[in-house]
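Hi,

Here is the structure I said I would pass on.

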Amino acid sequence: MKVLLVEDEQKIADFVCSGLAARGVLVTHCSDGNTGFDAARTGHFDAIVLDLMLPGRDGLSVLSGLRSAGVHTPVILLTARNELGDRIDGLNRGADDYMAKPFFVEELHARLQALRRRLDGERLSRLQAGGYTLDRLTRQVGWAGDSVELTTREHALLALLMRAPGQVSTRSQILEHVWGYDFDPSTNVVDVCVKRLRAKLAALAGGGGAAAARLESPIESVRGAGYRFRAD
Ligand code: CA
């Protein structure tokens with residue numbers, strides 16, 4: 001696990017760095033807001049531990065800047081006991097958790113691990129492609145805040161395509177994956193299911209009717225090959 005620590009107090013930085021390193025975490029340390037922001041934006045970290053009161057640029061500004069730049073690395077804020085307002089502000093601005101000083105490095109480590117487990121779980125249970133989100137647990141497909149429930153087979157088919165946008169799945173691969181080996185390959189169940197899925201996605205994106213019909217479906221037919229989810 002790679003963690004970026006942005007903290008100006010050398011004593012705290014030292015104890016976090018050595019405590020996390022002893023638990024196998026690779027820590028990069030920055031001691032002011034500006035270098036912390038640059039490191040967070042350009043480096044690849046699993047999490048960022050961000051102090052609120054920093055020279056140069058404060059923690060809340062770093063956090064907002066990162067989120068609006070599209071950096072969604074999980075952030076744990078380090079806050080002082082009297083910074084309740086900032087703590088709430090931080091959570092509203094996209095922080096994932098906070099630690100009130102003073103804290104034990106064991107607890108910080110446990111929270112970093114919990115954060116990683118949660119994100120791994122979300123990655124597995126949600127697929128995203130072309131602006132659509134597929135929730136594997138509820139079988140809901142979402143687009144721009146609206147969502148619709150899919151049948152078991154529609155869900156399995158869409159999940160297969162969304163897992164690898166741009167990559168063609170043949171009819172027999174789809175049949176095997178969604179209906180099982182024993183299904184008659186001459187059947188048109190795949191095409192019928194794709195048609196139903198396209199209608200649901202179009203209704204979701206365009207509200208149905210003629211406007212929706214004009215929108216290009218994210219599920220593309222590849223002549224003589226099969227289907228694929230449009231890669232953006
Ligand atoms: Ca500080």
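Before going on, the ground rules. This is a predicted model, so local features need pLDDT of at least 70 and side-chain atom pairs count only at pLDDT 80 or more, while totals for chains, interfaces and linings use all residues. Residues are numbered from 1 along each chain as its sequence is written, and side-chain values use heavy atoms, with hydrogens and water left out.

**The four-stranded sheet**

That pair of residues belongs to an open sheet with the order β6-β7-β8-β9 and antiparallel pairing (strands pair if DSSP finds at least two bridges between them). β6 (126-129) and β9 (146-149) are at the edges with a single partner strand each, so one side of each has no neighbour in the sheet. From one strand to the next the twist averages 20°.

Going through the pairs:

- β6 and β7 are antiparallel over four bridges, with arginine 126 opposite aspartate 135 in β7. Their hairpin has two residues between the strands, and glycine 130 in the turn has a positive phi of about 55°.
- β7 and β8 also pair in the antiparallel sense over four bridges. Here the hairpin has four residues between the strands, and arginine 139 in the turn shows a positive phi of about 60°.
- Strand β8 (residues 140-143) is joined to β9 by four bridges, again antiparallel. Valine 141 has valine 148 of β9 as its bridge partner.

α5 lies across β6 and β7 (132-135), at about 65° to β6. α6 touches β6, β7 and β8, and its direction makes about 125° with that of β7. Contact here means heavy atoms within 4.5 Å; axes are lines fitted to C-alpha atoms (for helices, over the stretch in contact), and angles run from 0 to 180 degrees between N-to-C directions.

**α6 against α7**

α6 (residues 152-163) also packs with α7 (residues 171-179), at an angle of about 130° and with the axes 9 Å apart. That makes α6 oblique to α7 (under 35 degrees is roughly parallel, over 145 roughly antiparallel, 65 to 115 roughly perpendicular, and the rest oblique). On the α6 side the contact is made by Arg153, Ala156, Leu157, Leu160 and Arg163, and on the α7 side by Ile174, His177, Val178 and Trp179.

**The three-stranded sheet**

Another open sheet has the order β10-β12-β11 with antiparallel pairing. Its edges are β10 (169-170) and β11 (219-222), each with a single partner strand, so one side of each is left without a neighbour in the sheet. Four bridges join β11 to β12 (residues 226-229), and isoleucine 219 stands opposite phenylalanine 229 in β12. Helix α8 (residues 189-206) packs on the sheet, touching β11 and β12, at about 145° to the direction of β11.

**Aromatics**

How many aromatic pairs does a search of the whole structure find? Three, where rings of Phe, Tyr and Trp (its six-membered ring) pair if their centres lie within 6.5 Å, and planes under 30 degrees apart are stacked, over 60 edge-to-face and the rest tilted. One of them is phenylalanine 15 with phenylalanine 103: the centres are 5.6 Å apart and the planes at 40°, so the pair is tilted. It links distant parts of the chain, with phenylalanine 15 in helix α1 (residues 10-21) and phenylalanine 103 in the loop between β5 (97-100) and α5 (105-125), 88 residues apart.

Cheers
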